[in-house]
Amino acid sequence: MTAALEVIRADRVLTVVRAPEIPDPVALAEALAGAGIRALELTFTTPGVLDCLRKVADSGRGVVGAGTVLTAEQAEAAIDNGARFLVTPGLRVRVAAVAVRRGIPVVMGAFTPSEVMQALDLGAAAVKIFPARTLGPGYLKDLHGPFPEVDLIPSGGVNAGNAAEFLAHGAAAVTAGTDVVAPADVAAGRWPEIAARAASFVRSMK
Ligand SMILES: O=C[C@H](O)COP(=O)(O)O
């Protein structure tokens with residue numbers, strides 16, 4: 001099985017799904033993977049996220065991870081239900097400890113250079129720059145300067161209009177959120193529309 005981070009680096013994109021419900025998470029994973037986005041982050045803000053993680057993991061479709069992981073208990077439960085990577089909105093020592101102990105990569109949220117260094121100290125496999133919309137691609141370039149070897153993954157406000165610029169400025173990958181997986185589309189199970197938006201996003205990265 002290819003490591004989750006290798007897949008994300010290869011595709012240069014993952015999706016974060018923050019929907020009120022995901023009626024068929026396997027169909028969602030298939031729609032995204034078919035468009036070239038194999039990694040999907042399902043967040044703890046979605047009720048029943050553990051069941052969704054389990055369904056995608058068991059299906060063998062896509063590379064599923066858990067997002068908005070705030071507690072050690074959530075981290076353990078996500079991994080127990082098949083999450084192949086964890087994502088946090090910010091620095092979280094106890095989540096990092098679980099990820100390191102269980103050998104699951106954590107993409108730890110950070111915003112400043114000091115936080116990037118703290119995330120690395122905690123064992124982050126990659127660092128999510130959040131919220132990326134606040135300072136945009138130019139800020140990513142500034143951060144990439146002192147951290148050329150660190151996989152920086154901007155999240156929040158990334159879309160088909162700016163993804164290529166984030167990547168050109170040093171992002172290892174970008175996180176596509178509502179631009180690809182609009183909560184209403186996910187909740188309504190509009191998989192063809194989501195596949196089309198994912199394909200359009202991927203085309204924009206070239
Ligand atoms: O947690 C979600 C991320 O912040 C995604 O934000 P976005 O929908 O603006 O891409």
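Threonine 68 sits in the loop between β3 (63-67) and α4, where helices (H or I, at least four residues) and strands (E, at least two) are DSSP runs, numbered from the N terminus. Phi of this threonine 68 is near 55 degrees, a positive value in a residue other than glycine. Threonine 68 is buried, with a relative accessible area of 13%; buried means under 20% relative accessible area, exposed over 50%, and partly exposed in between (1.4 Å probe, protein chains only).

Before I continue, a word on the source. This is a predicted model, in which local features need pLDDT of at least 70 and side-chain atom pairs count only at pLDDT 80 or more, while totals for chains, interfaces and linings use all residues. Residues are numbered from 1 along each chain as its sequence is written, and side-chain values use heavy atoms, with hydrogens and water left out.

Arginine 12 also has a positive phi, of about 65 degrees, although it is not a glycine. Arginine 12 belongs to the loop between α1 (4-11) and β1 (13-17), and is partly exposed, at a relative accessible area of 33%.

The bond between phenylalanine 130 and proline 131 is a cis peptide bond, with omega about -5 degrees.

I turn now to helix packing. Helix α4 (residues 72-80) and helix α5 (residues 93-102) have axes that come within 8 Å and cross at roughly 30 degrees. Here axes are lines fitted to C-alpha atoms, for helices over the stretch in contact, and angles run from 0 to 180 degrees between N-to-C directions. Which residues of α4 and α5 meet? Ala72, Ala75, Glu76, Ile79 and Asp80 in α4 meet Arg94, Val95, Val98, Arg101 and Arg102 in α5, contact being heavy atoms within 4.5 Å.

The largest pocket holds about 300 Å³ of space. Among the 17 residues that line this pocket, Val16, Arg133, Gly156, Gly177 and Thr178 are the closest to its centre. On a 1 Å grid over the protein atoms alone, a pocket is an open set with protein on both sides within 12 Å along at least five of seven lines, a cavity is a set of points where a 1.4 Å probe fits but cannot get out, and lining residues have an atom within 4 Å of a point. The largest cavity is lined by Leu14, Glu41, Val87, Val107, Lys128, Ile153, Ser155 and Thr175.

Technical notes:
Points joined across faces, edges and corners; volume = space filled by probe spheres on them.
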